[in-house]
Amino acid sequence: MDETKGAYGATRQRGPTVSYEEIERAARALMADGERPTVQSVYKKLGRGSPNHITDCMQRFWKNQAAL
């Protein structure tokens, strides 16, 4: 085994993570502009993020909206 290489996955470059708060702010900004916040529109507004992660956060966002 070549010892000069790092551990498996240690050299993988990852983009910045997107927090729920960033997704919520983007969704609220879209609502303020008269648009319905969708996974695609939030992703487009943020310019980054995993669609799967945004989907999970948007489900939480809509659940919280219903509670209001």
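Helices are DSSP runs of at least four residues, and strands are runs of at least two. On that basis, the predicted model contains three helices and zero strands. Along the sequence, the pattern reads α-α-α.

The protein has 68 residues, of which 21% are buried. Its accessible surface comes to about 5,500 Å². Carbon and sulfur atoms contribute 50% of that surface. Among contacts with a separation of 6 or more, 53% link residues 24 or more positions apart.

Two packed helices are described by the angle between their axes and the distance between the axes. Helix H1 spans residues 20–32, and helix H3 spans residues 51–67. The two pack at an angle of about 65 degrees. Their axes lie 10 Å apart. The crossing of H1 and H3 is right-handed. From H1, the contact draws on Tyr 20, Ile 23, Glu 24, Ala 27, Arg 28 and Met 31. H3 supplies His 53, Ile 54, Cys 57, Met 58, Arg 60, Phe 61, Asn 64 and Gln 65. By class, eight of the residues in this contact are nonpolar, three are polar and three are charged.

Helix H2 covers residues 39–46 and includes Lys 45. The relative accessible area of Lys 45 is 44%. This value falls between the 20% and 50% cut-offs, so Lys 45 is classed as partly exposed. Beyond residues up to four places away in sequence, Lys 45 touches Ala 26, Ala 29 and Leu 30. Leu 30 is 15 residues from Lys 45 along the chain, and the C-alpha atoms of the two are separated by 8.4 Å.

Notes. Residues numbered from 1 in each chain as written. Predicted model: local features only at pLDDT ≥ 70, side-chain atom pairs only at ≥ 80, totals over all residues. Heavy atoms only, no water. Buried < 20%, exposed > 50% of the residue type's maximum accessible area, 1.4 Å probe, protein only. Contact = heavy atoms within 4.5 Å. Areas by Shrake-Rupley, 256 points an atom, 1.4 Å probe, with all protein chains shown as cover. Axes fitted to C-alpha atoms, helices over the stretch in contact; angles between N-to-C directions. Left-handed = near helix turned anticlockwise from the far one by under 90°. Nonpolar A, V, L, I, M, F, W, Y, C, P; charged D, E, K, R; others polar.
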